[in-house]
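Subject: Structure for you to look at

Hello,

Here is the structure I promised to pass on. Please open it alongside this message, and my notes will follow below.

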Amino acid sequence: MKWRGRRQSGNVEDRRGSSGKGKLIAGGGIIGVIFVIAQFILSDGDVSVLQQLEGSGSSQTESRELTAEEEEMGEFVATVLADTEDVWNEVFAENNMNYQEPGLVLFSDAVQTACGGASSASGPFYCPADQKIYMDLSFFDQLRQRFGAQGGDYAVVYVMAHEVGHHVQNLMGTATKVRRLQQQSSKTEANELSVALELQADFYAGVWTKENQQYLSEGDIEEALSAANAVGDDAIQKRTSGRVNPDSFTHGTSEQRMKWFMKGYRSGDISQGDTFSEVLN
């Protein structure tokens, strides 16, 4: 992605130089990515959701200087966040809506949020209670090394755009509606609703990429699709347990995630993101 020398967002809080130690979220690893993110979104920031998952962890903190590579990565994600602000402000204005820009918190190891405590094992997530995205950038090493993603800077961009997609859903009231429907649904139906919500966030990531395509570099879309493929429920279950259980899916298959990202990218039209009709039928 072409990012150097461009505007950086002022909505970034970098906590990497002073990070909490200790694992706060139970059931960590990549499985935590699927479970915890879904719970954050569908609970609308209900702290009790994460309190139920908190284990015994240390509250100690360590302070250190960031490396040059870490500093550069911070500048990169601040530029990406600025791009999401530019695009979504414009899209919302075109649809007679007001876009409230989300915050981005970079952390290492563990973090406290308005949704509760989380460890890096949770993966990147959006907390609707404070309208912030939380990312431990070491997640992307795990994505590449353990789950076969191609890597590259656009893997980071795809994940960020997906989490901003959850913020868009929060502003539009979609997440609240889904949570209410979940409370009236069976476990299988609730999982299907979660899948639809996640796929719509992928779709919004694609829409944003379309609107921001002047900054794409060769191979960026392939990197995004590789990341989407790696975080599909079926791909994760195969790698972690050797078995696939569709009834337990909460984010969608690799094929679905790539499909909806590309639908958003090709259309650039937020009105075409009705993932619920497809998933629930």
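Predicted model: local features only at pLDDT ≥ 70, side-chain atom pairs only at ≥ 80, totals over all residues.

Residues are numbered from 1 along each chain as its sequence is written, and side-chain values use heavy atoms, with hydrogens and water left out.

Salt bridges

Taking a salt bridge as a side-chain nitrogen of Lys or Arg within 4 Å of a carboxyl oxygen of Asp or Glu, the count comes to 9. One of them joins Glu72 to Arg4, with the closest N and O atoms 2.9 Å apart. Glu72 sits in helix 3 (residues 68-94) and Arg4 in the segment before strand 1 (12-14), so this pair ties together parts that are 68 residues apart in sequence. Helices (H or I, at least four residues) and strands (E, at least two) are DSSP runs, numbered from the N terminus.

For accessibility, buried means under 20% relative accessible area, exposed over 50%, and partly exposed in between (1.4 Å probe, protein chains only). Arg4 is exposed at 57%, whereas Glu72 is partly exposed at 34%.

Arg16 and Asp14 also meet in a salt bridge, at 2.6 Å from N to O. Here Arg16 is buried, at 5% relative accessibility, and Asp14 is partly exposed, at 36%.

In another salt bridge, the closest N and O atoms of Arg257 and Asp202 are 2.8 Å apart. This pair links distant parts of the chain, 55 residues apart: Arg257 belongs to helix 10 (residues 254-267) and Asp202 to helix 7 (residues 187-211). Both Arg257 and Asp202 are buried. You will also find a network of salt bridges linking Arg7, Glu85 and Asp86.

The disulfide

The structure holds 1 disulfide (a pair of cysteine sulfur atoms within 2.5 Å). Cys115 and Cys127 form it, with their sulfur atoms 2.0 Å apart. Cys115 lies in the loop between strand 5 (110-113) and strand 6 (116-119), and Cys127 in strand 7 (residues 125-127). The link is right-handed, with 95° about the S-S bond. Cys115 is buried at 0% relative accessible area, and Cys127 is buried at 0% too.

Best wishes
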